[in-house]
Amino acid sequence: AKTAAQKDRVWSEQGDYLFAQGSYELAASTYAKTMRSFEELALLFVSKNERGALRTLLLRKLTRLRARDATQATALCTWLVEIHLERLNEARDALRAADADATRAVPSEARAAAADRAAALCRWRPSRPCSASPRTLR
């Protein structure tokens, strides 16, 4: 593959193959390199209830955005926060079911991920001061 269109086709076909094989995380990473519609890709993972792969797709797309794509970055970060909040709610519910040992790491893990996303979002808002750090989100 020499041209950008050829490379895009190769990545897209590889993503389709991985998705069909059930390798959703790898498919998400591969799809993130393509120019395929973000909505189409997100729906693929939502339809399979693959939140982890959707998270991977969102993170990879976020890292590939340009600084001038502030609106898209905000949308991706909002969706990532929603996914992390869902994980926190699941952890809370599991705690209520007396499954404390399995869920102790999830809230701190989600907090750290939220701090990372907040810091990434600050990259798209250089004109405003940003105090996002792991300490401010605890």
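Modeller: Let me start with a term: a nonpolar core is a set of buried Ala, Val, Leu, Ile, Met, Phe, Trp, Tyr and Cys residues joined through side-chain atoms within 4.5 Å. Buried means under 20% relative accessible area, exposed means over 50%, and partly exposed lies in between (1.4 Å probe, protein chains only). In the largest such core here, which has 22 residues, Y31, F45, L57 and L62 touch the most other members. At least two residues of this core come from each of α1 (4-20), α2 (24-31), α3, α4 and α5 (70-96), and α4 gives the largest share, 6 residues.

Biologist: Before we go on, what kind of model is this, and how are its residues numbered?

Modeller: This is a predicted model, with residues numbered from 1 along each chain as its sequence is written. Local features need pLDDT of at least 70 and side-chain atom pairs count only at pLDDT 80 or more, while totals for chains, interfaces and linings use all residues; side-chain values use heavy atoms, leaving out hydrogens and water.

Biologist: What is the confidence across the chain?

Modeller: pLDDT is the predictor's confidence in each residue, from 0 to 100. The chain averages 82, and 76% of the residues score at least 70. Helix α2 has the highest mean, 96, whereas helix α6 (residues 100-103) has the lowest, 55. Over residues 132-138 the pLDDT is below 50, yet this stretch has 11 contacts in the model beyond near neighbours in sequence. Contact means heavy atoms within 4.5 Å.

Biologist: How many helices and strands does the chain have?

Modeller: There are 7 helices and 0 strands. Both are DSSP runs numbered from the N terminus: helices are H or I with at least four residues, and strands are E with at least two.

Biologist: Why are α3 and α4 called roughly antiparallel?

Modeller: Axes are lines fitted to C-alpha atoms, for helices over the stretch in contact, and angles run from 0 to 180 degrees between N-to-C directions. Angles under 35 degrees count as roughly parallel, over 145 as roughly antiparallel, 65 to 115 as roughly perpendicular and the rest as oblique. Helix α3 (residues 38-47) and helix α4 (residues 51-64) pack at about 155°, with axes 8 Å apart, so α3 and α4 count as roughly antiparallel.

Biologist: And which residues meet there?

Modeller: On the α3 side they are F38, L41, A42, F45 and V46, and on the α4 side A53, L54, L57, L58 and K61. Leaving out residues up to four places away in sequence, F45 also has partners such as F19, Y24 and Y31 among its contacts.

Biologist: What makes L18 buried?

Modeller: L18, in helix α1, has a relative accessibility of 14%, which is why L18 counts as buried. Beyond neighbours within four places in sequence, L18 is in contact with S23, L26, A27 and T30.

Biologist: Is V10 buried, partly exposed or exposed?

Modeller: V10 also belongs to helix α1, but its relative accessible area is 46%, so V10 is partly exposed.
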